[in-house]
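This briefing sets out computed features of the structure shown here, grouped by topic for reference.

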Amino acid sequence: MVEDILSIKAIAEEEIKGANDLKAIQSLRVKYLGKKGVLTDKIKSLGSVPKEIRPEYGKTLNETKNHIESILNQKESFFKASELESGLKANRIDVTVPGNFIPAGHKHPISRVLDEIVDVFSSLGFVIEEGPEIELDYYNFEALNIPRDHPARDMQDTFYITDDVVLRTHTSPVQVRVMQKNKPPLRVIAPGKVYRCDADVTHTPMFHQIEGFMVDEHISMGDLKGALELFLHAIFGEDTGVRFRPSFFPFTEPSAEVDIACVMCGGTGCRLCKGSGWIEILGCGMINPKVFEMVGYDPEKYTGFAFGMGIERITMLKYGIDDLRLFFENDKRFLEQF
Ligand code: DAH
């Protein structure tokens, strides 16, 4: 009986020797040591072995089991190691190859300048408000004292959706919406997209504006001038000349346009400023008492200033960009320069 075990041992040793991969080792382990394995069976039936030979039989069986287990383990670790090695050889990583370049995104120049403008006014205590781009005729025109026959209401300039609904042509309607909902004092800037039925080298049907206004008791034109000068110096440089010119807007009285000294020639006169030395940059004025009446403010008690400007224009002047279309083409070679 002991001989049986020794011959199983000899066969197992041969088989294990002949195994030439991990899979073969694994199936031999099952064959000899698994739940229904050859040696496991023998251990299970140890009880039926005659008493006289049981000690020797048992000892041999146990030694054989341990021996087979250990040579299986040895061969298994050998195959595992060589599998790892050949895997490493096959998938060699060359750590000296340059990595894949993942280009970082850039903020669009319009967003950059917008953020800068917002920063300046935030530092003066202005808060951001927004209004809808699809706007009622009432807010876009009527409440801003723009009469029915005003040229701005012409179909050629305004995208009408219905008789009463337009794509806002400017950010000024945000003034009315904010004032309707809040009591003074107010310091607000309102950036956003605006739309005009216009497309050529210097006009796009959608562009960006930023509106600003301040309402309180005793706000004067001096406050307007101080705020705008501070702002323009922050954006274009401390030494930039700034001038106010009388103008007209239905929603401000008095109204002014603000020029800066030409960014190209510095004021001596060139092609960009058409020889004048000045470049128009924004519209502003003291909020018309009629607008205050529309929103239920007492014009005897409150005064305020307002201003509005095109962000594309400011960006072009700040960076010397001469073609508006560049902003909308999304050519990375252009955008990467900012
Ligand atoms: N809304 C005017 C426009 O689109 C710009 C403007 C001018 C806004 C004067 C103002 C202002 O707030 O006071 O041309």
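**Surface, extent and local geometry**

The protein chain exposes about 19300 Å², of which carbon and sulfur atoms supply 54%; accessible areas come from the Shrake-Rupley method with a 1.4 Å probe, and for residues only the protein chains shown count as cover. This is a predicted model, in which local features need pLDDT of at least 70, side-chain atom pairs count only at pLDDT 80 or more, and totals for chains, interfaces and linings use all residues. Residues are numbered from 1 along each chain as its sequence is written, and side-chain values use heavy atoms, with hydrogens and water left out.

**Overall architecture**

- The secondary structure of the protein chain comes to 12 helices and nine strands, where helices (H or I, at least four residues) and strands (E, at least two) are DSSP runs numbered from the N terminus.
- The radius of gyration of the protein chain is 42 Å, well over the 20 Å that the globule rule gives for 338 residues, so the chain is more spread out than a compact globule. This radius is taken over C-alpha atoms, and the globule rule is 2.2 Å times the number of residues to the power 0.38.
- Along the principal axes, the C-alpha atoms of the protein chain fill a box of roughly 125 × 45 × 40 Å.

**Burial, contacts and charge**

- Of the 338 residues of the protein chain, 40% count as buried. Buried means under 20% relative accessible area, exposed means over 50%, and partly exposed lies in between (1.4 Å probe, protein chains only).
- Among contacts (heavy atoms within 4.5 Å) between residues at least 6 apart in sequence, 65% join residues at least 24 apart.
- The mean positions of the 40 positive and 51 negative charges are 12 Å apart. Lys and Arg count as positive and Asp and Glu as negative, while His and the chain ends are not counted; each charge is placed at NZ of Lys, CZ of Arg, CG of Asp or CD of Glu.

**Helix α4 and its surroundings**

- Helix α4 (residues 54–90) has 37 residues and reaches 53 Å from its first C-alpha to its last, close to the 54 Å expected at 1.5 Å a residue. The expected span is 1.5 Å times one less than the number of residues.
- The buried residues of α4 include Tyr 57, Leu 61, Lys 75, Glu 76 and Phe 79.
- These buried residues of α4 pack against α1 (2–18), α2 (22–33) and α3 (38–44).
- Lys 42 lies in helix α3 and is partly exposed, with a relative accessible area of 27%.
- Not counting residues up to four places away in sequence, Lys 42 touches Ile 5, Ile 8, Tyr 57 and Leu 61.
- Lys 42 and Ile 5 are 37 residues apart in sequence, and their C-alpha atoms are 8.6 Å apart in space.

**Cis peptide bonds**

- Pro 184 and Pro 185 are joined by a cis peptide bond with omega of about 0°; Pro 185 lies in the loop between α7 (173–181) and β4 (186–195).
- Another cis peptide bond joins Glu 253 and Pro 254, with omega of about -5°; Pro 254 is in strand β7 (residues 252–261).

- Asn 145 is not a glycine, yet has a positive phi of about 65°. Asn 145 is found in the loop between α6 (137–140) and β3 (165–167) and counts as partly exposed at 22% relative accessibility.
- Lys 274, a residue other than glycine, has a positive phi near 50°. Lys 274 is found in the loop between β7 and β8 (278–287) and is exposed, with a relative accessible area of 76%.
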